[in-house]
Amino acid sequence: MQKQSSQFLLILGILLVAINLRTSIASVGPLIPFIRDDLDLSNGLAGFLTTLPLLTFAIFSLISPSIGKRMGNGKAIFMALLILLFGMVLRVLGGIELLLLGTAFTGIGIVLANVLLIPLIKNQLPEKLGLMTALLATGMSLFAAVAAGLSVPIAVGWGLGWRGALVFWVVFLLLAILVWFPQIKRARPTQKADTSPVKNVWKSRLAWQVTLFMGAQSVMYFTLITWLPDMLVSRGMSPEKAGWISSGMQVVSLIGSYFAPSILIRLKEQSQVILAVGLMYILGYLLLFSSVEGVIYFSLTIIGLGMGASLSIAYTLISLRTAEDRTTSKLSGMVQSSGYVLAAFGPMLFGISLDFFNNWNVLIYFMLFFSLQFLFFGIPAGKDQKI
């Protein structure tokens with residue numbers, strides 16, 4: 001009974017940590033028009049609000065495995081949640097300087113938890129790897145959708161403004177901190193993992209394929225959630241409606257994020273699934289050129305399914321392409337470091353492009369380009385190999 005209770009708390013804690021890993025970023029996109037007007041920002045600087053946490057992802061992903069090894073993954077994740085809490089509060093306390101500084105701290109907290117959750121699951125819940133990967137990705141996608149949909153109603157309908165709408169999500173983070181607290185006393189993984197051979201993932205072609213695949217799907221996700229609401233507003237929709245449509249796309253993504261891992265772990269190779277998802281992306285983005293509202297809804301449904309599936313695929317590949325725990329941690333750090341370096345510049349580069357071209361179709365061409373990258377690196381990464 002004690003073991004079952006301990007495992008239940010661990011699973012609940014993982015879920016609560018997961019739901020906090022994207023809310024602080026996803027809540028920003030629908031609020032960009034309010035933040036931009038209040039602080040008098042350019043489109044490029046507004047896009048940098050999403051780019052900045054991704055840059056911290058890139059830097060701190062490299063040292064996250066070492067922090068987890070030194071502190072134990074449970075304690076390190078708890079520390080990550082405290083850093084995330086500090087950043088979410090700090091960013092609403094002043095002007096652009098505190099907004100940027102707080103945003104950087106949120107990125108540090110998110111990436112520490114994100115990198116360490118995957119090897120923690122593989123080590124402590126190996127028999128539930130597919131299920132927990134699905135729940136991890138689904139929890140992240142679900143609350144990203146909720147945050148995207150509710151941010152504008154909280155800001156406008158509740159009269160809290162963009163600052164109140166951003167800090168609102170601290171409630172869920174405090175709950176995660178409370179439930180995760182028992183994990184800081186949990187025993188570290190056995191030393192058996194530490195006796196495994198050390199693999200240099202940075203010299204592995206397969207590791208780079210997984211990394212660049214992660215980068216392509218991350219660029220698409222973070223650029224789209226940042227700028228899709230603004231694009232829809234430019235087509236005549238209200239900010240509230242645009243936020244709900246963006247939220248709906250992310251709700252649809254739950255289907256892909258939940259079912260993809262259970263399918264992937266049953267397959268010897270995952271390349272065909274990656275091909276199917278990549279083609280879904282291309283079709284969805286092409287349909288987004290239409291100004292017909294029904295076609296836009298259909299296109300975002302297809303994109304949402306692909307978005308959810310691709311996140312789960314990326315996380316699952318980290319586990320499937322490695323044999324040892326330490327290699328899993330190193331690959332997780334590499335994938336979420338180098339991958340997010342690419343993703344970091346997506347929202348900002350598009351914001352600069354929008355200032356230069358003043359044409360929202362550039363966003364669609366941007367997405368189509370990275371759909372091809374998704375296929376180019378994803379198909380070989382899906383083959384049955386180990387690093």
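Where does α4 bend, and which proline follows within four residues? The close-ups below start with that helix. This is a predicted model, in which local features need pLDDT of at least 70 and side-chain atom pairs count only at pLDDT 80 or more, while totals for chains, interfaces and linings use all residues. Residues are numbered from 1 along each chain as its sequence is written, and side-chain values use heavy atoms, with hydrogens and water left out.

**View 1. Helix α4 and its bend.** The bend of about 40 degrees is at L49, and P53 is the proline that follows within four residues. A bend here is the angle between axes fitted to the seven residues ending at a position and the seven starting there. Helices are DSSP runs (H or I, at least four residues), numbered from the N terminus. With 18 residues (43-60), α4 should span 26 Å at 1.5 Å a residue, and its end C-alpha atoms agree with this at 27 Å apart; the expected span is 1.5 Å times one less than the number of residues. Most of α4 is covered, with 14 of its 18 residues buried. Buried means under 20% relative accessible area, exposed over 50%, and partly exposed in between (1.4 Å probe, protein chains only).

View 2. D40 has a positive phi, near 55 degrees, although it is not a glycine. Most residues other than glycine have a negative phi. D40 counts as exposed because its relative accessibility is 69%.

**View 3. The buried face of α3.** In helix α3 (residues 32-39), the buried residues are I32, P33, I35, R36 and L39. Seen down the helix axis, these fall within an arc of 165 degrees, so they line one face of α3; the arc is that of the directions from the helix axis to the C-beta atoms. Their cover includes α4, α7 (96-124), α9 (161-167) and α11.

**View 4. W180 in the largest nonpolar core.** This core has 124 residues, and I35 and W180 have the most contacts inside it. Helix α11 gives the largest share, 16 residues. A nonpolar core is a set of buried Ala, Val, Leu, Ile, Met, Phe, Trp, Tyr and Cys residues joined through side-chain atoms within 4.5 Å. Beyond neighbours within four places in sequence, W180 is in contact (heavy atoms within 4.5 Å) with residues including L10, I14, F78 and L117.

**View 5. S151, a buried serine in α8.** S151 belongs to helix α8 (residues 129-157) and counts as buried because its relative accessibility is 0%. Its side chain reaches the backbone oxygen of S27 at 3.4 Å. Leaving aside neighbours within four places in sequence, the contacts of S151 are S27, L31, A165 and W169.

View 6. P182 is in the loop between α10 (170-180) and α11 (205-234), and is partly exposed at 37% relative accessible area. P182 and S6 are 176 residues apart in sequence, and 8.8 Å apart in space, C-alpha to C-alpha. R266, in the loop between α12 (239-264) and α13 (271-287), counts as exposed at 69% relative accessibility. N358 lies between α15 (325-357) and α16 (361-381), also in a loop; its phi is positive, near 50 degrees.

Conventions: Helix = DSSP H or I, 4+ residues; strand = E, 2+ residues; numbered from the N terminus. Polar contact = N/O pair within 3.5 Å; in protein donor to acceptor, adjacent residues only side chain to side chain.
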